[in-house]
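Here is a briefing on the chain shown below. Keep the structure open while reading.

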Amino acid sequence: MEISRRNFIKTAAKHLLGGIIVYGTFPSLVRSSFETQNVTKSLSIANFNERDWEKHYWGFVCNIDRCIGCGRCVVACKRENKVPWGPKYYRTWVERYVISMGGEIFADSPNGGRDGFKSDYLNLKYRNLKVMKSFFVPKLCNQCDNPPCVKVCPTGASYKTKDGVILVNKKICIGCKYCIVACPYEARFMLPEGVIDKCTYCYHRITKGFLPACVEVCPVGTRIFGDLRDLESQVQKIFREEKVSILKPSLGTHPKVYYMGLEKGVE
């Protein structure tokens with residue numbers, strides 16, 4: 001897949017070993033992000049009401065060039081969806097990728113990126129590495145159009161809604177973990193009570209006209225959410241104007257999470 005502009009990546013790589021990857025470091029980047037996408041607390045859909053929500057088909061875009069690895073999205077998701085605070089439980093998480101001058105790719109995600117990415121840890125882990133570039137990649141359920149998790153569920157607990165979101169009916173989930181094994185994006189986990197959980201695009205919010213929690217709190221507009229059936233939605237405008245990629249395209253799962261600026265070899 002082709003990639004888009006890498007201005008942010010070049011800037012981050014210059015300061016990688018100095019640990020200067022923080023929100024306050026890039027005020028111009030933050031301003032330009034809000035100029036291109038005004039993140040509001042509600043979806044920009046005319047006459048939105050609970051009666052017509054199935055007319056939509058939801059999609060998600062992550063602009064890697066903007067992500068600063070602050071972890072606010074992870075915290076917001078846990079709080080909004082009552083996801084346990086521990087390190088094993090994530091509906092969304094952020095991974096840091098470091099590419100060496102020799103082309104080697106290294107990845108880590110301490111606590112799912114929940115606490116951000118601290119410079120001292122970075123210096124210790126990569127201090128002897130000649131770094132070419134570094135960047136952050138938000139991860140979540142890819143809400144596949146051809147979801148393998150739904151196919152293997154023996155009870156029908158995993159299912160796809162008419163507006164394209166994969167959900168889990170916890171009342172009939174038996175915790176067999178077949179779906180965890182089947183998911184190629186490692187987007188599912190088992191809750192302490194023995195049932196499966198995953199990202200739902202904050203379904204309880206979007207069906208009432210509100211943005212997913214992770215989108216709402218992102219300070220730089222990395223996460224973009226919208227209706228794929230609306231040609232004037234932000235996601236459709238991105239498709240027309242930018243190069244986008246998906247994770248693991250060879251699997252034929254047809255994800256509805258798209259990436260701008262995705263590096264080759266990152267999956």
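Two strands count as paired if DSSP finds at least two bridges between them. On that basis β1 and β11 are a pair: four bridges join them, and they run parallel. The model is predicted. The protein chain has nine helices and 11 strands, and its mean pLDDT is 83.

**Confidence and overall figures**

- In the protein chain, 78% of residues reach a pLDDT of 70 or more.
- Where pLDDT is low, the predicted coordinates should not be read in detail.
- The protein chain has 267 residues, and 54% of them count as buried.
- Take the contacts between residues at least 6 apart in sequence: 67% of these join residues at least 24 apart.
- The accessible surface of the protein chain is about 12,900 Å². Carbon and sulfur atoms account for 52% of that surface.

**The four-strand sheet**

- The strand order is β9-β1-β11-β10, in an open sheet with mixed pairing.
- The edge strands are β9 (223-227) and β10 (244-245). Each has a single partner strand, so one side of each lacks a neighbour in the sheet.
- Helix α9 (residues 234-241) packs on this sheet and touches β1, β9, β10 and β11. The direction of α9 makes about 105 degrees with that of β9.
- F60 has V257 as its bridge partner in β11.
- β1 and β9 run antiparallel and are joined by five bridges. C62 has R223 as its bridge partner in β9.
- Five of the five residues of β9 are buried, so β9 is largely enclosed by the rest of the structure.

**The three-strand sheet**

- Here the order is β3-β2-β4, in an open sheet with antiparallel pairing.
- β3 (105-108) and β4 stand at the edges. Each has a single partner strand, so one side of each is left without a neighbour in the sheet.
- From one strand to the next, the twist averages 25 degrees.
- Four bridges pair β2 with β3 in the antiparallel sense. Across this pairing, V98 stands opposite F106, and I99 stands opposite I105.
- β2 and β3 form a hairpin with four residues between them. In the turn, G103 has a positive phi of about 90 degrees.

**Nonpolar cores**

- The largest nonpolar core has 37 residues. Those with the most contacts inside this core are F60, Y201, F225 and Y259.
- Which elements give two or more residues to this core? They are β1 (58-63), α3 (72-81), β2 (92-100), β4 (131-140), α7 (203-206), α8 (213-217) and β11 (257-260).
- A second, separate core has 13 residues, among them C149, A157, C179 and L191.

**Helix α3**

- Seven of the 10 residues of α3 are buried, so this helix is largely enclosed by the rest of the structure.
- The buried residues are C73, V74, V75, A76, C77, K78 and N81.
- These buried residues pack against β2, α7, α8 and β9.
- K82 follows α3 and has a positive phi, near 55 degrees.

**Two loop residues with positive phi**

- Q143 lies in the loop between β4 and α5 (148-152). Its phi is near 45 degrees, a positive value in a residue other than glycine.
- E186 is in the loop between α6 (178-182) and β7 (189-190). Its phi is also positive, at about 55 degrees, although E186 is not a glycine.
- E186 counts as exposed, because its relative accessibility is 68% and the cut-off for exposed is over 50%.

Conventions
Residues are numbered from 1 along each chain as its sequence is written. This is a predicted model: local features need pLDDT of at least 70, side-chain atom pairs count only at pLDDT 80 or more; totals for chains, interfaces and linings use all residues. Side-chain values use heavy atoms; hydrogens and water are left out. A nonpolar core is a set of buried Ala, Val, Leu, Ile, Met, Phe, Trp, Tyr and Cys residues joined through side-chain atoms within 4.5 Å. Buried means under 20% relative accessible area, exposed over 50%, partly exposed in between (1.4 Å probe, protein chains only). Contact means heavy atoms within 4.5 Å. Axes are lines fitted to C-alpha atoms, for helices over the stretch in contact, and angles run from 0 to 180 degrees between N-to-C directions. pLDDT is the predictor's confidence in each residue, from 0 to 100. Accessible areas come from the Shrake-Rupley method with a 1.4 Å probe; for residues, only the protein chains shown count as cover.
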